[in-house]
Amino acid sequence: MKAVLTRVSSASVTVNDQVVGQISAPTTGGILALVGVGIDDANQEKSWQKMATKIAELRILDGEKSASESDAPILIVSQFTLYGQTAKGRRPSWSEAARAEVAEPLINNIVSDLRERGLDVATGSFGAKMEVSSVNQGPFTVLVET
């Protein structure tokens with residue numbers, strides 16, 4: 001599993017001109033998490049649990065605090081393109097990305113886990129053509145792999 005975590009002042013996801021998820025945390029910052037599921041992640045239950053823990057506990061917010069420590073909002077957006085292979089040719093290969101029927105439940109598990117921790121979690125719309133907007137803080141962006 002891979003994720004790009006960005007500290008943001010605000011972020012939103014729009015589908016068909018409708019905002020489906022948004023967060024705002026101008027002072028402390030929130031987290032925009034673009035999360036990709038790989039083909040091997042379905043066989044590793046711990047993979048989604050590790051990712052949820054990383055998103056909640058990485059100390060990447062203002063004052064070196066985590067989302068859990070600062071009650072920062074999180075926007076989760078499924079992003080299969082994180083598994084695009086670009087070493088050969090000019091067209092990315094998606095062969096390492098999990099199929100939708102495998103990826104969607106794992107993304108939902110991450111969201112549920114974060115909400116069970118008491119965090120404010122917004123989401124995109126799985127499989128939809130989404131427009132993602134964000135105002136980065138820092139800028140501060142990290143790549144997380146489990």
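Which residue in β2 does Val15 stand opposite? I found Gln18 there.

Ground rules first. This is a predicted model, where local features need pLDDT of at least 70, side-chain atom pairs count only at pLDDT 80 or more, and totals for chains, interfaces and linings use all residues. Residues are numbered from 1 along each chain as its sequence is written, and side-chain values use heavy atoms, with hydrogens and water left out.

I took strands as DSSP runs of E, at least two residues, numbered from the N terminus. Buried means under 20% relative accessible area, with a 1.4 Å probe and protein chains only.

**Partners.** I called two strands paired if DSSP finds at least two bridges between them. β1 pairs antiparallel with β2 (residues 18-24) over six bridges. Two residues lie between the strands of this hairpin, and Asn16 takes a positive phi near 50°. With β3 (residues 30-36), β1 makes seven antiparallel bridges. Val8 faces Gly30 there. With β6 (residues 131-145), the antiparallel count is eleven bridges. Leu5 has Val142 as its bridge partner in β6.

**Ser9.** I then checked Ser9, which sits in β1. Is Ser9 buried or exposed? Ser9 is buried, at a relative accessible area of 17%. Its side chain joins that of Gln137 by a polar contact of 3.2 Å. For this I used N or O pairs within 3.5 Å, where within protein one atom must be able to donate a hydrogen and the other to accept it, and residues adjacent in sequence count only if both atoms are side-chain atoms. Beyond neighbours within four places in sequence, Ser9 contacts Ser24, Ala25, Pro26, Val135 and Gln137. Contact means heavy atoms within 4.5 Å.

Methods. Helix = DSSP H or I, 4+ residues; strand = E, 2+ residues; numbered from the N terminus. Buried < 20%, exposed > 50% of the residue type's maximum accessible area, 1.4 Å probe, protein only.
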